[in-house]
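This report looks at aromatic ring pairs and at charges placed over rings. Please read it alongside the structure displayed below.

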Amino acid sequence: MMTESTTIQKKSSKVEGIKERSNFLREPIATELQQDTTHFSEDGIQILKFHGSYQQDNRDNRIKGQEKDYQFMLRTRNPGGFIPSELYLTLENLSEEYGNQTLRVTTRQGYQIHGILKKNLKTVIASIVKSMGSTLGACGDINRNVMAPPAPYKNRPDYQYAWEYAEKIADLLAPQTGAYYEIWLDGEKAITAQEAPEVKAARQKSINGSNFSDSDEPIYGTHYMPRKFKCSVTVPGDNSIDVYTHDLSLVVIVDHKGKLQGFNILAGGGLGRTHRKEETFARTADEIGYVTKEDVLDLVKAIVATQRDYGDRTDRRHARMKYLINDWGVEKFTAKVEEFLGKKLEAFKPLPEWKYEDYLGWHEQGDGKLFIGISVENGRVKNEGEFKLKEALKKVIEKYELPTRLTANHNIILYEIDPEWQEDINQIFTNHGVEINPDNVNHLTRYSMACPALPTCGLATTESERILPSIVKRIDVLLAKVGIQEENIVIRMTGCPNGCARPYMAELGFVGDSPNVYQIWLGGCPNQTRLARVYVDKLNIANLETFLEPLLVFFRDNKQDHETFGDFCNRVGFTALQEFADKYKPSKKKVMKKVEKQPRKKRNEHRISVNEQWYQKLKITASGQKKAMNQIVSEALSVYFGEEK
């Protein structure tokens with residue numbers, strides 16, 4: 001076994017010292033929590049992250065000469081996005097009593113509560129833990145929430161294995177220090193599901209120096225990881241979790257009978273970077289090899305140990321595992337992993353093409369029950385005007401005691417639904433202004449994502465969540481103007497270059513640079529298998545239409561059959577895009593007029609007005625029959641006029 005000092009380099013960063021002095025994540029949190037202050041010290045802020053919270057300042061409420069408006073964001077850790085009904089109702093109540101009355105679905109399948117005061121942190125965390133939840137390890141230099149496809153297929157063993165191993169990896173890499181329960185629950189251990197025996201055995205087993213001897217943290221040691229560490233588990237073909245963006249991704253491999261055989265291994269993904277510092281960059285994961293199911297937990301430990309011992313602890317901008325693999329190369333990295341593992345990895349198994357799935361709308365889950373995916377714009381669960389998503393979710397989950405799964409595109413799946421409940425659930429959502437038919441969700445909104453950014457994120461340099469809806473509308477208008485209004489484009493936006501909404505995998509990515517200014521990334525693909533590239537270093541968002549119109553026209557006139565915007569940009573190249581944009585002169589006659597001359601039958605744009613009562617009934621009927629609203633109307637009119645065959 002290794003000693004505690006083995007992993008630390010001579011000139012380590014300031015944060016390494018903070019971790020070392022923390023007594024395994026206890027201080028200064030334990031002491032400062034007792035102090036009558038509104039915030040923690042700089043050292044406290046760093047350790048607080050390990051407990052699942054970020055100290056923030058609401059910049060909308062800043063007043064010159066007064067103390068900052070300190071508040072805290074609390075993030076849950078839910079492997080595979082699993083949220084029991086009891087936990088959801090607790091989070092909902094806590095957000096009302098102690099937060100800002102909203103919940104935020106994260107892009108890593110957890111929830112965030114914003115606006116908590118320091119004096120209420122202990123109450124909120126204790127309530128979450130007592131409701132079968134946790135915030136431990138949701139942030140900090142540690143393994144973060146382990147992701148998995150959210151689809152609750154009961155007739156697909158591979159999906160069940162993905163959930164199972166997401167839980168096992170989360171348990172294996174969970175901090176073992178008692179600090180969390182000492183501080184937030186006064187030493188009381190939470191009632192949680194007992195971890196699998198093989199997980200406990202794998203954690204305790206030291207192979208070729210993978211463990212620290214006589215340590216509170218046998219895997220992590222005193223200094224934990226050099227930076228955050230992200231994992232996912234998925235099934236072949238299902239890229240609902242952005243498989244190439246994680247430090248470590250495992251792909252379930254089953255035989256023809258659906259029995260688990262092992263896992264393909266991808267490693268070295270990561271998207272955080274810094275503007276105009278070329279030594280920092282977004283990177284997609286590499287294929288590493290294949291491991292049998294018997295060795296998979298040891299393999300996870302071996303990869304963690306490699307990053308723990310050889311990751312850069314001197315420069316936090318260079319500390320993620322993607323830099324280690326980039327510097328070493330895949331061959332050297334794999335050799336070191338095999339050294340810890342004690343055996344060679346097998347060759348990477350062939351896989352089908354990856355496809356993005358969002359699982360919106362109604363689906364059968366394979367055992368006679370149903371699930372429904374609800375689109376949540378930018379992940380914000382709220383009540384606003386006639387739109388009362390938060391109230392609707394509470395009613396449905398409380399009434400039917402439904403579990404939920406959160407998606408990596410910050411949507412929500414409710415499952416274990418008896419078919420006889422479907423109509424009532426449709427009615428509840430419709431009565432609260434929530435769209436349940438994915439065909440009626442704006443096609444750009446459906447595939448867009450934004451991080452929270454301003455006013456609370458301390459890293460944000462400009463808007464993201466609050467501005468993206470208006471950006472989507474402007475792009476929608478522009479698409480219609482140039483006559484390609486039906487085109488889908490994956491749009492993602494962040495308020496800084498850390499990439500929490502994964503803009504670097506988008507077809508059109510907006511990365512915040514300064515107030516109202518964004519770096520523009522182009523060339524990703526709808527299934528999130530290709531990294532986008534920087535096209536424009538700085539774009540003032542006021543100039544969006546002037547910038548984007550030439551690119552859309554070039555795309556319209558030169559795309560191949562079924563080619564998407566991202567694939568087109570990647571195929572023709574940025575030089576061709578720029579040359580066309582430089583020469584482009586907007587037509588005085590809008591393209592829409594030309595499109596309007598097309599036969600209406602082909603454009604399918606007949607309009608019929610109905611009153612609100614009939615409109616709501618129409619929405620419910622369309623959703624129940626899984627049809628578009630205009631199709632229901634068309635069928636009804638055909639019967640009325642005697643045209644039905």
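The sections below cover the basis of the values, the ring pairs and the charges over rings.

## Basis

This is a predicted model, in which local features need pLDDT of at least 70 and side-chain atom pairs count only at pLDDT 80 or more, while totals for chains, interfaces and linings use all residues. Residues are numbered from 1 along each chain as its sequence is written, and side-chain values use heavy atoms, with hydrogens and water left out.

## Aromatic pairs

Rings of Phe, Tyr and Trp (its six-membered ring) pair if their centres lie within 6.5 Å, and planes under 30 degrees apart count as stacked, over 60 as edge-to-face and the rest as tilted. By this rule there are 24 aromatic pairs. One of them is edge-to-face, joining Tyr244 and Trp354 at 6.5 Å centre to centre with 85 degrees between the planes. This pair links distant parts of the chain, 110 residues apart, with Tyr244 in the loop between β6 (231-234) and β7 (248-254) and Trp354 in the loop between α11 (330-341) and β10 (361-364); helices (H or I, at least four residues) and strands (E, at least two) are DSSP runs, numbered from the N terminus. Both Tyr244 and Trp354 are buried, that is, under 20% relative accessible area (1.4 Å probe, protein chains only).

The planes of Phe555 and Phe568 stand at 55 degrees with ring centres 5.4 Å apart, so this pair is tilted. Phe555 belongs to helix α16 (residues 544-558) and Phe568 to helix α17 (residues 565-572), so the pair ties together parts 13 residues apart in sequence.

## Charges over rings

A charge sits over a ring if NZ of Lys or CZ of Arg is within 6 Å of the ring centre and within 35 degrees of the ring normal. Arg405 lies over the face of Trp163, at 3.2 Å from the ring centre, and the charged end of Lys168 is placed over the ring of Tyr165, 4.5 Å from its centre.

Terms used: Buried means under 20% relative accessible area, exposed over 50%, partly exposed in between (1.4 Å probe, protein chains only).
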